[in-house]
Amino acid sequence: MKKVLCLALGLAMSLSLLAACSGGSSASPSPSASAPAPSASAPAESGLTTVEAGKLHMSTNAAFPPYEMVKDDGTFEGIDVEVAGAIAEKLGLELVVDDMGFDAALLAAQNGQSDIVMAGVSVTPDRQEVMDFSDSYATGIQVVIVKEGSDVTMDNLSEKMIGCQKATTGYLYASDTPENGGYGEDHVIAYETGALAVEALKNGQVDCVIIDNEPAKAYVAANEGLTILETPWVEEDYAIGMKKGNTALLEAVNAAMTELKADGTFQAIVDRYITAD
């Protein structure tokens, strides 16, 4: 069965992103992960309420290259980390990265324990019911990783065992009932991280892995004998999530992102991590 879900795309760009919170650690991004300084013409927002005064807490799952990763020294880097840092500067705040599991990162923002969540988060109707989202900043494409020479195709996924990262839209869509376009829970195994799902594929515990395109390319490059099926499995919007009803923060984040796109900062960050094929 071939499943391609096309959600409304709010941004025309050649960027392919992904969807990825047990308790985690908090740390500011390393100096090397800081985005270029924003224009001084944009004053800091006044009257903005955040979890911690003077700081912008971003919950994430820092195992999703090239969007959020942990460096050898324990600090963080990646597209989302740098973009969040640039937004924080625009708002006159200091970014704090709270690393945790993906589902916990979503809950942290939903419950107001973090200010924003950025982890390749896809916008879905269910998520919109429990949190607010910024304007979309990228188009996410999910793909299927298989072993080279595998007989897995887009048309026979319903007959295979599929590995996914826990709580991602890949898992939610794939494990849904066939009536809703999924393959059923019996055909899907959830793993805490995408890396563990890929290890399961290498060990023969699953037949394929459904995950976002950019992390998929990183995993394939690091693991000989794996490849990506040519046809995208899902296309969807990525956005920044936050607690429902925090209108001031939502408007401030959208305004900051608009400026970062207009002055080229956003694209410069993307270009440092993703090169055109």
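User: Which residue of strand 13 is the bridge partner of Gln 165?
Analyst: This is a predicted model. Strand 12 (162-165) and strand 13 (188-191) pair in the parallel sense over 4 bridges. In strand 13, the bridge partner of Gln 165 is Tyr 191.

User: Which handedness does the β-α-β unit of strand 12, helix 4 and strand 13 have?
Analyst: Strand 12 and strand 13 are paired in the parallel sense. Together with helix 4 (residues 169-174), these strands make a β-α-β unit that is right-handed.

User: Is Asp 186 buried or exposed?
Analyst: Asp 186 sits in the loop between helix 4 and strand 13. Its C-alpha atom is separated by 10.0 Å from that of Asp 176, 10 residues apart along the chain. The cut-off for exposed is a relative accessible area over 50%. Asp 186 has 70%, so Asp 186 is exposed.

User: How far apart in sequence are the parts that the pair of Tyr 173 and Trp 233 ties together?
Analyst: The structure holds 4 aromatic pairs. One of them is formed by Tyr 173 and Trp 233, at 6.4 Å centre to centre and 45 degrees between the planes, which makes it tilted. Tyr 173 lies in helix 4 and Trp 233 in the loop between strand 15 (226-228) and strand 16 (234-238), so the parts they tie together are apart in sequence by 60 residues.

User: What relative accessible area does Trp 233 have?
Analyst: Buried means a relative accessible area under 20%. Tyr 173 is buried at 15%. Trp 233 is buried too, and its relative accessible area is 0%.

User: Which residues form one aromatic cluster?
Analyst: Tyr 183 also forms a tilted aromatic pair with Trp 233, with 6.4 Å centre to centre and 40 degrees between the planes. Tyr 183 lies in the loop between helix 4 and strand 13, so this pair ties together parts that are 50 residues apart in sequence. Tyr 183 is buried, with a relative accessible area of 4%. The one aromatic cluster is formed by Tyr 173, Tyr 183 and Trp 233.

User: What arc around the axis do the buried residues of helix 5 cover?
Analyst: In helix 5 (residues 194-202), the buried residues include Ala 197, Val 198 and Leu 201. An α-helix has 3.6 residues a turn, so residues three or four places apart point the same way.

User: Which helix do the buried residues of helix 5 pack against?
Analyst: The buried residues of helix 5 pack against several strands, among them strand 11 (138-147) and strand 14 (208-212). The helix they pack against is helix 6 (213-222).

User: Which helices are included in what covers the buried residues of helix 8?
Analyst: Helix 8 (residues 265-273) has Thr 265, Phe 266, Ile 269 and Val 270 as its buried residues. These cover an arc of only 140 degrees around the axis, which puts them on the same side of helix 8. What covers them includes helix 1 (79-90) and helix 7 (247-262).

User: Which residue of strand 7 stands opposite Met 69?
Analyst: An open sheet of 3 strands has the order 5-6-7, with antiparallel pairing. Its edge strands are strand 5 (63-64) and strand 7 (76-77). Strand 6 (residues 68-70) is joined to strand 7 by 2 bridges. In strand 7, the residue opposite Met 69 is Glu 77.

Key
Residues numbered from 1 in each chain as written. Predicted model: local features only at pLDDT ≥ 70, side-chain atom pairs only at ≥ 80, totals over all residues. Heavy atoms only, no water. Phe/Tyr/Trp six-rings, centres within 6.5 Å; stacked < 30°, edge-to-face > 60°. Buried < 20%, exposed > 50% of the residue type's maximum accessible area, 1.4 Å probe, protein only. Contact = heavy atoms within 4.5 Å. Arc of directions from axis to C-beta. Pairing = 2+ DSSP bridges. Right-handed = clockwise from strand over helix to strand, strands pointing away.
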